[in-house]
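Reader: I would like to learn how to read a fold from its strands, helices and core. Can we work through one example together?

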Amino acid sequence: VPKGSSMVILLADTGERYISTPLFQDIPADMTEEEKAIAASTPSEAPPPISLPEVTQDNTAFINEVNSTNKVVVWSLEYCEFCWTIFGFLDAIGVPYKVINIDSFQYAKHNQGNKYRAALQKMTGVNTFPQFFVDGEFLGGAADACINWKKGELQPKLEKAGLKKDNFNNYQGDPFEFLPKWMTQNPLRSK
């Protein structure tokens, strides 16, 4: 590598969560023409789909039980920046929530986390995280929560669930402030 060059090597499923760390602060989010040429010259293919276990009544029952006994539930992955987005946002508006990190050690035995993931995917039709529920109703992920807050559609649902305290901590910010910093040019901000 020529002196003065920057080299970034990312492993699958790790790049987006590290790009907003100080390690990458001097590297622009957009690729240069040279980087685009290198990327175009490299053969690639889509990763194989995730193989999930069969959905069982027990796993579906667990999800329904958690969702029905908690006002707000966030089904999450521990190192997911979008999960961190919704945590920061809910904390800012003073809404308490239950977190189930399906990839945590707690759910590793017998592949339990992936069993819950399969059941969630079947229930919601969504395979990304976080998965956000209020009063048992699936409301989407972090970007959905941000968009619905900006449209004024999330507040009534939280209020109906009895979660409006101090006018949501008098929050006056833009919920997109909690998105990963590499998304500063995020087109969702206008929605």
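Reader: Which residue is the bridge partner of S76 in β2?

Author: This is a predicted model. In general, strands of a sheet pair through backbone hydrogen bonds, either parallel or antiparallel. Here S76 has N101 as its bridge partner in β2.

Reader: In which sense do β1 and β3 run?

Author: They are antiparallel, and four bridges join them. Look at W75 for a handle: Q131 in β3 stands opposite W75.

Reader: And how many bridges join β3 to β4?

Author: Three, and these two strands are antiparallel. F132 has G140 of β4 as its bridge partner. Then check the turn. The hairpin of β3 and β4 has two residues between the strands, and D135 in this hairpin has a positive phi near 50 degrees.

Reader: What is the strand order of the whole sheet?

Author: The order is β2-β1-β3-β4. The sheet is open, has four strands and shows mixed pairing. At the edges sit β2 (98-101) and β4 (137-140), each of which pairs on one side only. Ignoring direction, neighbouring strands are turned by 25 degrees against each other on average.

Reader: Which residues of β3 point one way, and which the other way?

Author: Q131 and F133 go to one side, F132 and V134 to the other. Each of the four is under 20% relative accessible area, so all are classed as buried.

Reader: Now the helices. Where does α4 lie?

Author: It lies across β1, β2 and β3. Its direction is at about 155 degrees to β1. For length, α4 has twelve residues and reaches 16 Å from its first C-alpha to its last, close to the 16 Å expected at 1.5 Å a residue. After α4 comes G94, with a positive phi near 75 degrees.

Reader: Which residues in α4 are buried?

Author: Start with the general idea. An α-helix has 3.6 residues a turn, so residues three or four places apart point the same way. In α4 the buried residues are E81, F82, C83, T85, I86, F87, F89 and L90.

Reader: At what angle do α4 and α6 pack?

Author: Two packed helices are described by the angle between their axes and the distance between the axes. For α4 and α6 the angle is about 35 degrees, and the axes are 8 Å apart. From α4, the contact uses F82, T85, I86 and F89; from α6, it uses A142, A145, C146 and W149. By class, the contact residues are seven nonpolar, one polar and no charged.

Reader: What should the 13 residues of α5 span at 1.5 Å a residue?

Author: They should span 18 Å, and the end C-alpha atoms of α5 are 18 Å apart, so the two agree. G125 follows α5 and has a positive phi near 75 degrees.

Reader: Against which elements do the buried residues of α5 pack?

Author: They pack against α3, β1, β3 and β4. The buried set is Q112, G113, Y116, R117, A118, A119, L120 and T124. Take Q112 as one case. Leaving aside neighbours within four places in sequence, Q112 is in contact with N59 and Y107. Q112 and I102 are ten residues apart in sequence and 7.9 Å apart in space, C-alpha to C-alpha.

Reader: Which residues touch the most other members of the largest nonpolar core?

Author: In soluble globular proteins, nonpolar side chains tend to be buried together. Here the largest nonpolar core has 40 residues, and W75, I93, F132 and L158 touch the most other members. Elements giving two or more residues to this core include α3 (57-69), β1 (72-76), α5 (112-124) and α7 (154-160). The most comes from α4, with six residues.

Reader: What does L158 touch?

Author: Not counting residues up to four places away in sequence, L158 touches V72, I93, V95, V134, W149, L163, K164 and F168.

Reader: Last, the overall view. How many helices and strands does the protein chain have?

Author: Eight helices and four strands. From the N terminus on, the elements run α-α-α-β-α-β-α-β-β-α-α-α. Buried residues make up 33% of the 191 residues. Among contacts between residues at least 6 apart in sequence, 65% join residues at least 24 apart.

Key: Residues are numbered from 1 along each chain as its sequence is written. This is a predicted model: local features need pLDDT of at least 70, side-chain atom pairs count only at pLDDT 80 or more; totals for chains, interfaces and linings use all residues. Side-chain values use heavy atoms; hydrogens and water are left out. A nonpolar core is a set of buried Ala, Val, Leu, Ile, Met, Phe, Trp, Tyr and Cys residues joined through side-chain atoms within 4.5 Å. Buried means under 20% relative accessible area, exposed over 50%, partly exposed in between (1.4 Å probe, protein chains only). Contact means heavy atoms within 4.5 Å. Two strands pair if DSSP finds at least two bridges between them. Axes are lines fitted to C-alpha atoms, for helices over the stretch in contact, and angles run from 0 to 180 degrees between N-to-C directions. The expected span of a helix is 1.5 Å times one less than its number of residues. Ala, Val, Leu, Ile, Met, Phe, Trp, Tyr, Cys and Pro count as nonpolar, Asp, Glu, Lys and Arg as charged, and the others, Gly among them, as polar.
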